[in-house]
Amino acid sequence: MAAVVEKHSIDVVPDSERHGRAFNQFTLWLGANLQITAVVTGALAVVFGGDVVWSLTGLVLGNLLGGAVMALHSAQGPKLGLPQMIQSRAQFGVKGAAVPLLLVILMYVGFFASGSVLAGQATAELTHTDDTTGIVVFALVTAVVAAVGYRVIHVLGRVASIVCALAFLYLGARLVDRVDLGELLGDAHFSLPMFLLAVSLSASWQLAFGPYVADYSRYLPRTTSAKATFWWTLSGSALGSQWSMTFGVLVAASSGEAFLDNQVGYVVSLGGAGLAASFFYFVIALGKLTINVLNTYGGFMSMVTGVSGFRGQRVLSRRGRALYIAVIMVAGTAVALAGKDSFLSSFKDFLLFLLTFFTPWSAINLVDYYLISRGRYDIPALADPAGRYGAWRRDALTVYGIGLVVQLPFLATHFYTGPLVAPLGGADVSWIVGLVVPAALYWLLARRGTGERGVNPNAPRDPAPYRERYGSPRTGT
């Protein structure tokens, strides 16, 4: 068992412990996206007024655009051998990285909660209990798998990718047999706001993986091709999510109130009754377990990253790991129990609200990694507030703040709508602004050398003790 339980957390994975193939990213992200919450996300495009044709088109575009950004983060993992948010210290400072981390942790708790609501319904049916008990049981299982760590997470992804793919093929065939596809596809009426809503829903789904996607590629050998990692990640995530969202669009367009009243129950009813129904409840729970484990694992890694920046902590004991995971589990379960009766009405706003905070972070991180530092970081300095990256990067934090503010006029949610939404016909384009503006500003600041550190991040620094254990900190050279 000791060989199975992961021993690394926020520290660098040594070359001697790297393993796996880039194809593993395909199975992990395919399995993580063939699940009921992705189905609901696709359904929202129709629930809020879109037609089938343009909803599907918008979802494809959003999955490809957001998935490409997410996969660029994934390609960083093999080269650095670090968790995603530790690398953010190079942009925001060792302590400054805690600012976006706070929002990342909220995201994990929110996704844990939303996943637990739907998986709890399936678990309750399997265990013949109520939804509250189902949510609690599912949360406990999630925490145990996350505590074991990386290897088991990838095995779970491979199993889910096969089981859930076969199940959704069967459910899709049953659905198509029930509905008139010609009628659904023939009722096409383009609406820019609804089209952009579909794009935003799927883009936000993909972009939300960005803060932790490299956590699951960091064990790949350093020689793993960045292109292979990118394309396998993108294809697995985009295919899995589009598959689920397409199913959701067709279900929502054909079922009316039956799906809105009980998302899990309606989907399972397509598969049959008795043992067949039990199997599909299991499939739903399995799909949600895969993604909720990722959320729990990513949440604890983000919490450790934020805390360790102030404490100077470089490694984490297994007991400490269990404690952090328990915090994520308890917080997510509490939110799930509090919001289980109003899930669908709040989930759209949650997704779009998340997008506001993660697009500026993605823009800054990707510009720094691919255009400024070109993947070369002084890894020991990422744990040293007095080192070259400093404690607080005021330039990056300022750009991040600007990236948040410039989105507000274009943001459309239930609790806030910006002044420029109406002139655009109700379309929400805030996420596009949140990517472009911070990327341009950060690139200009970095190229002009206006950061307060006055240090060239590409300057060589290669301490012998570190090199002997991990290889060159100037990764890729």
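Q35, T37, F111, S114, W205, A208, F209, Y212, K288, I291 and N295 line the largest cavity. This is a predicted model, in which local features need pLDDT of at least 70, side-chain atom pairs count only at pLDDT 80 or more, and totals for chains, interfaces and linings use all residues. Residues are numbered from 1 along each chain as its sequence is written, and side-chain values use heavy atoms, with hydrogens and water left out.

**Cavities**

- On a 1 Å grid over the protein atoms alone, a cavity is a set of points where a 1.4 Å probe fits but cannot get out, and lining residues have an atom within 4 Å of a point.
- Grid points are joined across faces, edges and corners, and a volume is the space filled by probe spheres set on the points.
- A search of the whole structure gives 4 cavities of 30 Å³ or more.
- The volume of the largest cavity is about 80 Å³.
- Two or more residues of the lining of the largest cavity come from each of α7 (98-127) and α15 (275-311); helices (H or I, at least four residues) are DSSP runs, numbered from the N terminus.
- α15 provides the largest share of this lining, 3 residues.
- By class, the lining of the largest cavity has 6 nonpolar, 4 polar and 1 charged residues. Ala, Val, Leu, Ile, Met, Phe, Trp, Tyr, Cys and Pro count as nonpolar, Asp, Glu, Lys and Arg as charged, and the others, Gly among them, as polar.
- The second largest cavity holds about 50 Å³ of space.
- Around the second largest cavity the lining residues are G49, G50, D51, W54, S55, H189, S191, M194 and F195. Here the elements giving two or more residues are α3 (52-74) and α11 (192-207).
- The lining of the second largest cavity divides into 3 nonpolar, 5 polar and 1 charged residues.

- Two packed helices are described by the angle between their axes and the distance between the axes.
- Axes are lines fitted to C-alpha atoms, for helices over the stretch in contact, and angles run from 0 to 180 degrees between N-to-C directions.
- Helix α18 (residues 394-405) and helix α19 (residues 430-448) have axes that come within 9 Å and cross at roughly 155°. The two helices, α18 and α19, are therefore roughly antiparallel to each other. Angles under 35 degrees count as roughly parallel, over 145 as roughly antiparallel, 65 to 115 as roughly perpendicular and the rest as oblique.
- The crossing of α18 with α19 is right-handed. A crossing is left-handed if the near helix is turned anticlockwise from the far one by less than a right angle, and right-handed if clockwise.
- Helix α1 (residues 23-33) and helix α9 (residues 150-178) have axes that come within 7 Å and cross at roughly 70°. α1 and α9 are therefore roughly perpendicular to each other, and their crossing is left-handed.

**Buried helix and buried residues**

- In helix α14 (residues 263-271), 8 of the 9 residues are buried, so α14 is largely enclosed by the rest of the structure. Buried means under 20% relative accessible area, exposed over 50%, and partly exposed in between (1.4 Å probe, protein chains only).
- The buried residues of α14 are Q263, V264, G265, Y266, V267, V268, L270 and G271.
- M301 is part of helix α15 and is buried, with a relative accessible area of 2%. M301 and L101 are 200 residues apart along the chain, and their C-alpha atoms are separated by 10.0 Å.
- A396 belongs to helix α18 and is buried at a relative accessible area of 0%.
- G434 sits in helix α19 and is buried, its relative accessible area being 0%. The C-alpha atoms of G434 and Q407 are separated by 5.8 Å, and the two residues are 27 residues apart along the chain.

**Residues with positive phi**

- G272 follows α14 and has a positive phi, near 125°.
- H128 is not a glycine, yet has a positive phi of about 60°. H128 lies in the loop between α7 and α8 (131-148) and counts as exposed at 73% relative accessibility.
- R374, also a residue other than glycine, has a positive phi near 55°. The loop between α17 (343-372) and α18 holds R374, which counts as partly exposed at 47% relative accessibility.

Notes:
On a 1 Å grid over the protein atoms alone, a cavity is a set of points where a 1.4 Å probe fits but cannot get out, and a pocket is an open set with protein on both sides within 12 Å along at least five of seven lines; lining residues have an atom within 4 Å of a point.
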